[in-house]
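Visitor: Could you walk me through this structure, one question at a time?

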Amino acid sequence: RTAEPSGGQQPVGDRRVGAAVRAGRAVQKIMDVLAAIARLVGSLFAVVLLVRVGLEFVAVNPHNVIVEWIVRFSDAIVLDFRDLFLPTDPRIGLAVNYGLAAVFWLAAGMIVGWVLSGVGQLAAGRPNA
């Protein structure tokens, strides 16, 4: 039941709708932030993997802290792409496998971001156009 509007007061039903709209917008903003984070993480993982590929083809100090970190971290995020292709030249294998993992992380970040944005649009009551 809604109260009668009198002297600048909103009906109870209007306040509930307004609160629902504000909550939906808040959820949408949160989901948009999470979507941006997902895209950023996917992109950063791809960059680390591509830097790892680049390190394979240039002379670097393997005992440098930065190089060690990149190698360790890229080995952790390459997942099962590490030995997908096994060409005779191990450097080519690393480039192909880690490059494919980089494409995977880019795509995964974009897809997760798209899904999260869509959920936010639904929460706000706006169809994704």
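Visitor: In which helix do Arg 52 and Glu 56 both lie?
Guide: Happy to start there. Helices here are DSSP runs of H or I, at least four residues long, and strands are runs of E, at least two long, numbered from the N terminus. Arg 52 and Glu 56 are four residues apart, about one turn of the helix, and both belong to residues 12–56, which is helix H1.

Visitor: What joins the side chains of Arg 52 and Glu 56?
Guide: This is a predicted model, where local features need pLDDT of at least 70, side-chain atom pairs count only at pLDDT 80 or more, and totals for chains, interfaces and linings use all residues. Residues are numbered from 1 along each chain as its sequence is written, and side-chain values use heavy atoms, leaving out hydrogens and water. The N to O distance between Arg 52 and Glu 56 is 3.0 Å, and a side-chain nitrogen of Lys or Arg within 4 Å of a carboxyl oxygen of Asp or Glu is the rule for a salt bridge.

Visitor: Is Arg 52 buried or exposed?
Guide: Buried means under 20% relative accessible area, exposed means over 50%, and partly exposed is in between, with a 1.4 Å probe and protein chains only. Arg 52 has 11% relative accessibility, so Arg 52 counts as buried.

Visitor: How many helices does the protein chain have?
Guide: There are zero strands in the protein chain. From the N terminus on, its elements run α-α-α. That makes the number of helices three.
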